[in-house]
Structure formats: structure tokens, C-alpha cells
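This report goes through selected features of the structure shown below.

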There are 2 protein chains.
Amino acid sequence: MKYQLQQHVQVDFTYPCIFTESVFSPGNLDLVEALRPGQEAGTAAKVLVVIDSGVAEQHPDLAAGVSAYCFQYRDTFTLVAAPCIVPGGEVVKHDDQYVRHIQALVNEHGMDRHAFIFAIGGGAVLDMVGYAAAVSHRGVRLVRFPTTVLAQNDSGVGVKNGINAFEKKNFLGTFAPPFAVLNDFGFLRTLSDRDWRAGISEAVKVALIKDAPFFDFLEQHADRLAGRDMAAMQELIVRCARLHLDHIATSGDPFELGSSRPLDFGHWAAHKLEQLSGYRIRHGEAVAIGIALDATYSMMAGMLQEAAWKRILQLLHALGFRLFERELWPSPDTAVRPVILRGLAEFREHLGGELTVMLLHDIGQGFETHQMDDTRILRSLEILRDWQKQSDPTILEEVAL
Amino acid sequence: MKYQLQQHVQVDFTYPCIFTESVFSPGNLDLVEALRPGQEAGTAAKVLVVIDSGVAEQHPDLAAGVSAYCFQYRDTFTLVAAPCIVPGGEVVKHDDQYVRHIQALVNEHGMDRHAFIFAIGGGAVLDMVGYAAAVSHRGVRLVRFPTTVLAQNDSGVGVKNGINAFEKKNFLGTFAPPFAVLNDFGFLRTLSDRDWRAGISEAVKVALIKDAPFFDFLEQHADRLAGRDMAAMQELIVRCARLHLDHIATSGDPFELGSSRPLDFGHWAAHKLEQLSGYRIRHGEAVAIGIALDATYSMMAGMLQEAAWKRILQLLHALGFRLFERELWPSPDTAVRPVILRGLAEFREHLGGELTVMLLHDIGQGFETHQMDDTRILRSLEILRDWQKQSDPTILEEVAL
């Protein structure tokens with residue numbers, strides 16, 4: 001070596017996460033004010049709006065409402081085109097056709113790095129639009145309007161985006177903080193019961209690894225949450241989003257350059273289960289099972305007390321989650337290793353480096369380990385199957401174990 | 001608004017920029033040591049090597065040498081495949097076929113976020129490979145081996161990548177710091193005279209806006225630099241790379257979220273000129289002209305003294321740069337506005353927000369302005385044309401003005 005320069009770059013990102021209702025109603029100034037810090041005086045920013053087809057169906061007036069709102073505040077925003085509707089759900093991430101379409105619109109309308117893309121939808125649509133925005137001109141400004149519980153309390157407030165490729169989830173993506181997040185609680189009213197429930201599992205997850213009083217709250221409000229009580233849900237979302245944001249800000253590794261990823265508690269099995277089910281099982285539903293599995297494993301390994309373990313399974317059950325699905329152990333032949341075990345290797349590959357999995361010492365207290373024992377995972381799966389059988393005998397017909 | 005959380009994320013990136021020679025010779029441990037901080041003990045990291053075809057032609061033993069080096073240090077690296085050769089120069093950025101090819105290799109070989117891609121080549125190849133790496137698994141580790149003066153002192157040590165799309169330069173790209181940069185001076189010996197010279201213009205640029213003593217150095221060593229003196233060039237590269245790195249680290253906006261981009265002094269005209277010439281004019285050659293143009297403009301506007309302006313043009317001339325090309329003003333009809341003027345609008349669009357151009361108060365002292373006057377730009381072009389005529393009468397035949 002002749003010479004060495006050591007470069008140290010520190011990058012600061014700031015963005016507001018706003019909780020509101022009827023964000024596009026004429027008198028609601030939250031959006032106008034959230035975008036003001038990025039605007040040149042006297043110019044109207046170019047805006048492209050992308051809407052999840054599922055949301056557009058439930059809210060037939062949404063596209064017109066967004067357009068009317070932008071027209072009302074035309075000193076601030078200029079819509080470059082009518083809102084663009086893209087399919088909701090994982091299908092929008094399966095290939096890059098929608099990413100390319102958005103990039104073509106960015107090009108066609110001469111949108112620059114100070115222009116805005118508004119993404120209105122569930123987590124999959126936000127992931128896809130976020131990726132398209134992040135790589136256009138090295139980053140057009142993204143404003144997220146998450147419409148599901150899952151997106152409002154978890155993925156939609158964070159710093160990641162992505163689409164699938166080579167049949168691998170999020171194979172393509174970046175870390176790119178949004179310009180602003182606007183969580184409009186009004187969208188929650190039209191969610192299906194499944195989607196309402198599915199998002200709660202990420203709250204259970206973050207409570208388990210970080211915040212015992214939040215777990216108590218979830219226990220105390222389980223019936224109200226399952227019964228679609230809006231006040232309880234709003235508190236859940238704000239508390240969960242805050243824990244998620246705090247983790248990103250204070251973990252010391254917001255762009256996940258290391259191997260540790262505590263917020264992925266329960267996710268190694270969840271990712272694989274989603275994929276094995278052909279996405280019949282939703283992400284949040286799979287996460288509930290992943291949480292149950294890793295909590296059971298923690299108990300079996302003597303790290304988590306049985307009483308705490310029972311509280312966890314009872315909470316998930318009270319919220320309405322199933323804790324076993326046939327994809328977890330499809331073969332009646334017990335000599336065949338369930339495919340779900342491959343999820344551990346794929347999880348390691350996606351994170352990179354050494355396998356790092358979060359387990360539980362107690363409610364509110366996670367810890368990291370670098371190996372999991374296959375036999376103990378299988379025993380944990382059996383326990384979950386038996387638990388599910390007991391609470392829902394129909395599982396007997398489905399699972400030939 | 002019901003509630004607001006203000007998120008603040010600080011991301012730290014650290015990487016070494018190492019100046020060495022014969023980086024793949026058996027006894028050179030620079031690479032092994034540069035990669036050590038990212039490695040798990042006892043495991044060999046997966047490595048994919050991508051080489052610029054121009055470099056591979058000049059160094060027929062390079063691919064075998066890299067392979068042999070990795071085999072020698074197989075406790076540290078495992079090559080997943082034979083080195084992959086991609087075209088050198090801007091053509092490799094024209095569409096996304098090479099990006100897709102690299103991503104397919106990342107997938108095929110199960111490379112994770114802790115695996116390495118070694119990119120060996122000029123700035124265009126580094127840009128393309130950097131983009132492919134940055135979006136695979138949200139960022140596979142990139143190690144750059146810049147092989148040109150331009151890449152070693154400027155683009156290859158920075159935090160950007162990209163490819164072209166919709167006929168716009170770097171339409172797709174990200175900000176993504178590399179894991180390490182290894183500048184091997186040995187590659188400079190086989191550069192063509194054009195490539196040797198072209199990279200010097202970025203050193204002139206950064207000296208002009210930031211470092212008067214470095215400008216003095218360039219003046220004092222102009223003949224040696226033009227005459228391919230290796231010691232002078234090494235000093236130039238280290239000083240220029242250091243100024244570039246320091247700017248990124250201390251500017252307060254390493255990922256260019258604002259509109260200011262001082263390192264793009266002279267670049268508004270350069271980008272357009274490259275494109276107008278169909279990339280016949282190299283980036284560094286175009287930057288030399290862009291510098292001459294904006295220095296002349298600064299002088300015409302009464303902001304830069306004539307004596308300083310003359311030193312700038314004389315230095316560029318002594319280094320062997322042409323200061324006028326026919327694409328700058330192709331029509332003999334003076335009523336036709338030269339297309340080069342459109343470069344200003346395109347520059348603004350690429351940066352986003354308000355037009356922000358760097359001009360000069362003095363050598364070593366740039367300042368930013370938000371407008372440029374067309375008539376004064378045209379007059380500056382005429383001055384450059386006359387200067388070039390005087391020093392090279394062949395321009396008379398080429399430029400029908």
C-alpha cells in the first residue's frame with residue numbers, strides 16, 4: 001500500500017409520520033404542511049399519484065378526491081397525470097412491469113428529484129412504488145399513504161422498499177427513507193376482517209421483543225381489537241409505529257449493514273410459509289404463526305417460562321389468528337423433513353452473514369441466537385398443531401398428522 | 001392531525017480508499033486486509049468479479065490473475081464463477097441488460113448481503129456494476145477497482161452509481177457507498193493518451209472551486225502530467241480523491257437531497273456536449289470545455305479577474321485539452337440558438353429544484369448562482385472558439401463561424 005484515505009460519511013434523514021383522518025378532504029392541511037419543507041417558494045411541485053386497486057375499489061371517489069385536493073392546493077402541487085391504478089397485493093411485486101411503468105411516467109412528465117410520488121395502498125404497493133421512486137434520478141421524493149393496519153404500523157413507516165425477482169421476496173430493493181408518511185385512519189374502516197386482523201401481529205411482535213406494557217395493552221384490548229374497535233386500533237397503530245421508528249433510529253444499524261435484524265422476530269418461518277402457500281396466507285397471518293413458533297421454541301429450549309408462552313398463544317388466539325397451517329408440515333410421513341425448515345437458510349441468505357434469529361427470554365425481552373435446532377423446531381410445530389387442533393377441530397381433517 | 005412522530009435517521013458509512021500497485025500480485029495483502037472488517041471468522045466470502053472489456057484487453061492476464069489471487073487467499077474469498085467481462089465505456093450503461101446479467105449471477109450463486117462484487121474498470125463499468133450490486137438484496141457489498149484517472153480521482157471513490165434510461169444519463173441509480181476502493185496505479189500505464197488526459201479535468205475542476213495550492217501544483221506539473229509522468233499523476237490522483245472524499249463527508253448533503261452540487265462545476269455544458277457528440281467526446285474532455293466555458297462566463301460577468309481566467313485556459317491548453325468543439329455551436333446561422341443551452345434546463349431537472357450552478361470568484365473559490373444569462377453564455381462560447389482558433393487553426397475548417 002502506498003497511501004490510504006479512510007472515508008466516513010454520515011447521512012441524515014428526517015421525515016414526519018402523521019396520523020390523521022380524511023387526508024384528502026378539502027380542509028385537511030396535513031399534507032400541504034408536510035410537504036412544505038421541501039418546496040421552493042412560488043413553485044408548485046410535480047406530483048404523480050399511484051393508487052392500490054383494492055383501495056380504489058373500496059373508495060370509488062378517492063382518485064377524484066386526490067385530484068380535487070391537488071387542484072385546490074395548486075399553488076403547492078401540480079398533478080402530472082390522472083392517478084395511476086396498480087394491482088393491490090403481492091402480485092404487484094412479482095415482476096418489474098409496474099416499476100417500469102412508473103419510471104416511464106417520471107420520465108415522460110419531466111419529474112425531478114424534488115418532485116413527489118404519492119403512493120396510496122397496502123404494503124406491497126408501497127414497496128413497489130417506493131422502489132420505482134428510489135432508483136429514478138437516484139431518488140424522487142416518496143410520500144406514503146399506508147391504507148392497511150400492517151402498513152400503517154410497520155412497513156409503511158420504515159425505510160425499505162422492494163420487489164420480488166427470481167422468485168425471491170424483495171430480491172430487488174433499496175433502503176430509502178420516505179419524504180413523509182400520512183396514516184389516514186379512515187382507510188381502516190373498509191378493510192376486510194382478515195386485513196384488519198393481519199396487521200395486529202406486527203404489534204404483538206414488537207411488544208414481545210421490546211415493550212411488555214404494550215403487550216399488556218394488547219391483552220387487555222384483544223376483544224375490542226378483534227371486534228374492530230377503532231379507538232383501540234388507533235392506539236395500537238401509534239404505539240407500534242413509534243416502536244418501529246424508534247428501533248430504526250436508535251438501533252445503530254438503520255440500513256442493516258450487519259447481520260442482526262431484531263424486527264424480523266418470527267419472520268424466518270413467516271416468509272417461507274407465505275411463499276409455500278402461494279401467498280394464500282397473508283404476511284401478517286404468517287407472522288402470527290412465526291411468532292407462535294419461535295415463542296414455543298424459546299419455551300422448549302428453557303429460555304421462556306411456560307406461563308409467558310401461554311399468554312402469547314392465548315393473545316394470538318384471542319385476536320383470531322390460526323396458529324397452524326397445513327403448509328407447515330404437509331406430508332403425513334414423519335420421516336420427510338418439512339420444507340418450512342428451509343426458511344432458516346433462506347432467511348440467513350437474505351440477511352447475509354451469520355444466521356441471527358431473535359428469540360424470547362420474557363415478554364418484552366428478546367435476545368439473539370445464531371443457531372436453531374431442527375428437532376426442537378419440529379417438536380414446536382407439533383405443539384402448535386396440537387394447540388390448534390384443540391381450539392379448532394377442523395384442523396384434524398386438513399392436517400393428516 | 002391527530003398525532004405526529006418526527007423520525008430522524010442517521011446512517012454511518014465507512015470505507016477505505018487505498019492507493020496501491022499490482023493489487024492482485026500474490027504478495028499484496030491490501031485487498032485481503034480491506035475486506036477483513038466485513039468478514040465472519042472462519043468463513044470465505046463469496047465473490048463475483050466483473051471486468052471492463054477494455055481493461056481485460058490491455059491486461060490479458062488479469063482475469064487469471066484475479067482468480068489465482070482469490071485461490072491463494074481462499075480462506076478469505078471464494079470466487080463463485082469465472083470473472084465476467086462486460087463492455088467498457090458508456091455502452092455498458094445504455095440499457096439494463098448487464099445489470100440483469102449480474103443480478104442473475106447473484107441469484108444463481110446464492111450471494112447474500114455480505115458477499116462481494118469486485119468491479120474492475122473505468123467509470124462507466126463501475127457505475128453499472130455499482131447499481132446492480134446496490135439493488136440486489138438491497139445492497140451486496142461493492143469493491144471498486146477504478147482503472148482510469150477519472151475513476152481513480154473522482155467517480156470511483158464517491159457514493160453514486162447509475163445507468164442510462166429513456167436516453168437520459170444516469171436516469172436509474174442510487175447513492176450507495178462502496179465497501180472499499182482500491183486504486184491500483186498499475187492500470188494507468190496502459191491507458192491511451194486521451195484517457196490519461198481526460199481524467200485530469202476533474203482535478204482542475206476541484207482545484208478551481210476548493211484548493212488554490214492544488215491549482216498551482218497542476219500548473220507547475222502541467223508538462224509532466226501531459227508527458228505521462230507517473231509520480232506527478234499519482235500525487236494528482238491522491239490529492240484530487242482526497243478533496244472529493246472530503247467534500248462528500250463534510251458538505252452536509254452527501255446524498256444530494258438539496259439542489260446544490262458544487263462538484264458539478266462545469267458539468268451542465270459537459271453532460272450535454274457528451275450527449276450531442278454521441279459520446280465521441282469523453283466525459284473528462286467535455287468537463288474541460290465546461291470548466292473553460294463557466295470560467296469565461298465568470299470573467300465576462302465581472303466576477304473573475306481576467307488574469308485568473310487566462311491561467312485557467314492556459315492550464316487546460318497546456319494539459320492538451322481542446323476548448324471548443326463543433327457541437328457547441330453547429331449552425332453557421334447565428335440566429336439559431338445552440339442546442340448546448342438546453343443543457344442548463346436538463347441539468348436543473350436532473351438535480352431537481354431550483355437551478356444551482358457553481359461559478360468562480362477566484363482560483364480556489366467557487367460560489368453558487370441560480371441563473372445564467374443566455375447572451376453571456378453565447379459570448380463566452382465565441383471567446384472559446386476564438387481562443388481555440390488561435391491555438392489550433394484547424395478549428396477554422398471545422399467550425400463554420
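## Helix packing in chain A

In this predicted model, helix H13 (residues 283-300) and helix H16 (residues 374-391) of chain A pack with their axes 9 Å apart, at an angle of about 115°. H13(A) and H16(A) cross in the right-handed sense. H13(A) contributes Ala292(A), Leu293(A), Thr296(A), Tyr297(A) and Met300(A) to the contact. From H16(A) come Arg376(A), Ile377(A), Arg379(A), Ser380(A), Leu381(A), Ile383(A) and Leu384(A).

## Contact between the chains

Chain A supplies 59 residues to the contact and chain B supplies 60 residues. On the side of chain A that touches chain B, the elements giving two or more residues are strands S1 (3-20) and S8 (168-172), together with helices H4 (97-108), H5 (123-135), H11 (230-250) and H15 (342-351). S1(A) accounts for the largest share of that side, with 18 residues.

Asp246(A) lies in helix H11 of chain A. Asp246(A) has 15 C-beta neighbours inside 10 Å and therefore counts as partly exposed. Between Asp246(A) and Ala231(A) there are 23 Å in space, C-alpha to C-alpha, for a separation of 15 residues in sequence.

## Strand S6 of chain B

Strand S6 (residues 141-146) of chain B is largely enclosed by the rest of the structure, because six of its six residues are buried. In a regular strand, side chains alternate between the two faces of the sheet. Both faces of S6(B) are covered: one side holds the buried residues Arg141(B), Val143(B) and Phe145(B), and the other holds Leu142(B), Arg144(B) and Pro146(B), also buried.

S6(B) pairs with strand S5 (residues 116-121) of chain B in the parallel sense, over six bridges. Within this pairing, Phe145(B) of S6(B) stands opposite Ile120(B). The chain passes from S5(B) to S6(B) through helix H5 (residues 123-135) of chain B, a right-handed β-α-β crossover. S6(B) also pairs in the parallel sense with strand S9 (residues 180-184) of chain B, over two bridges. Here Val143(B) has Ala180(B) in S9(B) as its bridge partner.

## The largest nonpolar core

Nonpolar side chains tend to be buried together in soluble globular proteins. The largest nonpolar core here has 276 residues. Which of its members touch the most other members? They are Val50 and Leu316 in chain A, and Val50 and Leu316 in chain B.

Leaving aside residues up to four places away in sequence, Val50(A) touches Cys84(A), Val86(A), Ile102(A), Ile117(A), Phe118(A), Ala119(A), Ile120(A) and Val129(A).

Methods: Residues numbered from 1 in each chain as written. Chains lettered and ligands numbered in written order. Predicted model: local features only at pLDDT ≥ 70, side-chain atom pairs only at ≥ 80, totals over all residues. Core = buried A, V, L, I, M, F, W, Y, C linked by C-beta atoms within 7 Å. Buried ≥ 20, exposed ≤ 12 C-beta atoms within 10 Å, placed from the backbone. Contact = placed C-beta atoms within 7 Å. Helix = DSSP H or I, 4+ residues; strand = E, 2+ residues; numbered from the N terminus. Pairing = 2+ DSSP bridges. Right-handed = clockwise from strand over helix to strand, strands pointing away. Axes fitted to C-alpha atoms, helices over the stretch in contact; angles between N-to-C directions. Left-handed = near helix turned anticlockwise from the far one by under 90°.
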